[in-house]
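Dear colleague,

I am handing over the structure below, and after it you will find notes on what was found. Please read them with the coordinates open.

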Amino acid sequence: MLRDCSFGVYQGRPVEAISLSNGTLACRVLTFGGILQSLQVPDRQGKAVDVVLGCPSLDGYLAQDCYLGALVGRCANRIAGGRFSLDGQDYALAVNNGPNHLHGGPGGFSFQVWNIDSRSQEHVTLALHSPSGEEGYPGSLDVRVTYRLAGNALSIAYEAETDQTTLCNLTNHSYFNLAGHGSGPVLDQVLQLMAHTYTPTDETSIPTGEIAPVEGTPMDFLSPTPIGARIDAPFSQLIQGRGYDHNWCVDGQPGILRPAARAWSEKTGIVLSVETTMPGVQLYTANYVPEGLPGKDGALYGPRHAFCLETQFYPDGVNHPHFPSPILTPEHPYRHETRFTFSPLS
């Protein structure tokens, strides 16, 4: 049984671990980084299995740079060269991933202590104020993120408002292993993506601008396919990223909650279905998780020990006018939701 507890102190501020339960699912959320530290779901026998990677202590999170379970912002994924223009003004952001800006920068939302706005046994709403100029972004941003358990689903609802035109692209960076967080590689777990196209990238993981069909390539997950079936194929997109680390363009109309992905483990019989209002989903197969990364319950994590399904605007969207726009204005608040539903494999 998960319980609320103190999780340490970061930059003089206490970090809390908030436990949610609804009798079917249970999870723990940290105020540091808004991290989903644990998510327990029933397997085919009804036994609780923790299906997300995480660290046992705050020091563990501070010692890794994989964004395990974190809320990511102000702008998730990469911005080429850390540069963009808005309303005729140029902006330069921190470069923290090779030549590019990644996940809001070194002081982004994943590295801040969030406030508890409201909570019950089945939900918690975290709030954060990002002042104008933080990490180089224009305009202040007020963000609220709600984790909610309902039936056999965990939903994450994102809200944000700004006082000036800015960028906003929020996601959760949980690493899933449906056989259990400490069970090793996920290559035999099966994945389906509801996406006929994806955005190829250059060698620094910046989209080339092309929206390419997945048909006939190892990027095709339209039919359920083991994650490892083609991950080592001699395909340039996979070679340069050491596996999958790409954005798929989710079929259907953005802004409407619709299916994006489905995955399962034959070992546990746990099925994960993902629905989102976002236009894209980034599949990342933990390619750069260091071998032997200390995890919960004495587990040691490594490359390909999990997969991420980061619902989002397309990477570097601000620099590709034909991509869905991550630009946020005062007149149109940010409202998006992603829902993770768990069921037994039939």
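Q11 lies in the loop between β1 (5-10) and β2 (13-21), where helices (H or I, at least four residues) and strands (E, at least two) are DSSP runs numbered from the N terminus. The model is a predicted one, in which local features need pLDDT of at least 70 and side-chain atom pairs count only at pLDDT 80 or more, whereas totals for chains, interfaces and linings use all residues. Residues are numbered from 1 along each chain as its sequence is written, and side-chain values use heavy atoms, with hydrogens and water left out.

Backbone and loops

Although Q11 is not a glycine, its phi is positive, at about 50 degrees. Q11 counts as exposed because its relative accessible area is 69%, given that buried means under 20% relative accessible area, exposed over 50% and partly exposed in between (1.4 Å probe, protein chains only). Y67, in the loop between α1 (58-62) and β6, is likewise a residue other than glycine with a positive phi, near 60 degrees; Y67 is buried, at 11% relative accessibility. A cis peptide bond, with omega about 15 degrees, joins G73 and R74, and R74 is placed in the loop between β6 (71-72) and β7 (78-79).

The largest pocket

The largest pocket has a volume of about 530 Å³. On a 1 Å grid over the protein atoms alone, a pocket is an open set of points where a 1.4 Å probe fits, with protein on both sides within 12 Å along at least five of seven lines, and lining residues have an atom within 4 Å of a point; grid points are joined across faces, edges and corners, and the volume is the space filled by probe spheres set on the points. Of the 27 lining residues, R78, N97, L102, Y284 and Y288 are the closest to the centre of this pocket, while α2 (236-241) and β24 (280-284) are the elements that give two or more residues to the lining. By class, the lining has 10 nonpolar, 12 polar and five charged residues, with Ala, Val, Leu, Ile, Met, Phe, Trp, Tyr, Cys and Pro taken as nonpolar, Asp, Glu, Lys and Arg as charged, and the others, Gly among them, as polar.

L102 itself sits in strand β10 (residues 101-102) and is buried, with a relative accessible area of 9%. Leaving aside residues up to four places away in sequence, L102 touches Y67, N77, R78, N96 and N97, contact meaning heavy atoms within 4.5 Å. L102 and G73 are 29 residues apart in sequence, and their C-alpha atoms are 9.3 Å apart in space.

An open sheet

Five strands form an open, antiparallel sheet in the order β19-β18-β21-β24-β27, two strands being paired if DSSP finds at least two bridges between them. Because β19 (212-213) and β27 (308-312) stand at the edges with a single partner strand each, one side of each is left without a neighbour in the sheet. Strand β18 (residues 197-199) pairs with strand β21 (residues 245-249) over three bridges, and T199 has N247 as its bridge partner in β21.

A buried serine

S140, in the loop between β12 (123-130) and β13 (141-150), counts as buried at 13% relative accessibility. The side chain of S140 makes a polar contact of 2.9 Å with the side chain of D163; a polar contact is a pair of N or O atoms within 3.5 Å, of which, within protein, one must be able to donate a hydrogen and the other to accept it, and residues adjacent in sequence count only if both atoms are side-chain atoms.

Best regards
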